[in-house]
Amino acid sequence: MSSREALWWGVRRWIGNGKKTNIWNVQWIPNNHQWKLVTAKPQECQLDKVTDLVSSYRWNKPLIFKTFSKEDAENILKIPISITGRDGNTFWIGNLNGEYTTQLGYKVAMDRREEETRKVGEGAESSCSSLSQQVWKVLRSLNISHKVKMFIWKGLSDPVPINE
């Protein structure tokens, strides 16, 4: 997973007044594990922004249930709408304060990579790969400089070229 993918994996949208949030292309439904709509956009649908689903600072329930699946509709209705008219904003779910840091992005990328490796090779993964992951975990936890960690990792991972 690249750093850009790690960043976009955790980007979410707080609705606010809904004027800047696209219904169909943005991850904005917090009660859904993927934060995206399950419902595909109907061809004749003219709805574009979340504000199109709101009437007098309340969700337009009949429109929502007519347009979306039951699951999506129920999740949408759980989202609070700003009664002060504030714009929504973007936040990152990997951090309690909603801010992205490269350190957290790296951790997410490594965790997702490890998860994908586990899914793909459940039982079929080589012991060498498993061992190298365990070694790298131990190295990351050591309180030594990054240069030393990389030197040890390279020495354990690949043969070190020497002149005989």
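## Exercises on a predicted chain

Lys-70 and Glu-74 are 4 residues apart, about one turn of the helix, and both belong to helix H3 (residues 70-77). The model is predicted, and the exercises below refer to it.

### Exercise 1. A pair of charged side chains

Determine how the side chains of Lys-70 and Glu-74 meet, and classify each residue as buried, partly exposed or exposed.

**Solution.** 
Step 1. An α-helix has 3.6 residues a turn, so residues three or four places apart point the same way.
Step 2. Side chains of opposite charge can pair when their charged atoms come close.
Step 3. A salt bridge requires a nitrogen of Lys or Arg within 4 Å of a carboxyl oxygen of Asp or Glu. For Lys-70 and Glu-74 the distance from N to O is 3.8 Å, and their side chains form a salt bridge.
Step 4. The count for the chain is 1 salt bridge.
Step 5. Exposed means over 50% relative accessible area, and buried means under 20%. Lys-70 is exposed because its relative accessibility is 59%. Glu-74, at 37%, is partly exposed.

### Exercise 2. The buried face of helix H3

Identify the buried residues of H3, and explain how they are arranged around the helix.

**Solution.** 
Step 1. The buried residues in H3 are Asp-72, Ala-73, Asn-75 and Ile-76.
Step 2. Viewed down the axis of H3, these buried residues fall within an arc of 165 degrees, so they line one face of the helix.
Step 3. The cover over the buried residues of H3 includes strand S3 (58-59) and helix H2 (61-67).

### Exercise 3. The nonpolar core

State which residues touch the most other members of the largest nonpolar core, and list the contacts of Ile-23 beyond its neighbours within four places in sequence.

**Solution.** 
Step 1. The largest nonpolar core has 17 residues. Those that touch the most other members are Ile-23, Trp-28, Leu-37, Leu-53, Trp-59, Phe-68 and Ile-76.
Step 2. With neighbours within four places set aside, Ile-23 is in contact with Trp-28, Leu-37, Leu-47, Asp-48, Lys-49, Val-50, Leu-53 and Phe-68.

### Exercise 4. Positive phi angles in a loop

Locate Ser-56 and Tyr-57, give their phi angles, and decide whether each is buried or exposed.

**Solution.** 
Step 1. Ser-56 lies in the loop between strand S2 (54-55) and S3. Tyr-57 also lies in the loop between S2 and S3.
Step 2. Although Ser-56 is not a glycine, its phi is positive, at about 55 degrees. Tyr-57, likewise not a glycine, has a positive phi of about 60 degrees.
Step 3. Ser-56 is exposed because its relative accessibility is 65%. Tyr-57, at 54%, is exposed as well.

Terms used:
Residues numbered from 1 in each chain as written. Predicted model: local features only at pLDDT ≥ 70, side-chain atom pairs only at ≥ 80, totals over all residues. Heavy atoms only, no water. Helix = DSSP H or I, 4+ residues; strand = E, 2+ residues; numbered from the N terminus. Buried < 20%, exposed > 50% of the residue type's maximum accessible area, 1.4 Å probe, protein only. Core = buried A, V, L, I, M, F, W, Y, C linked by side-chain atoms within 4.5 Å. Contact = heavy atoms within 4.5 Å. Arc of directions from axis to C-beta.
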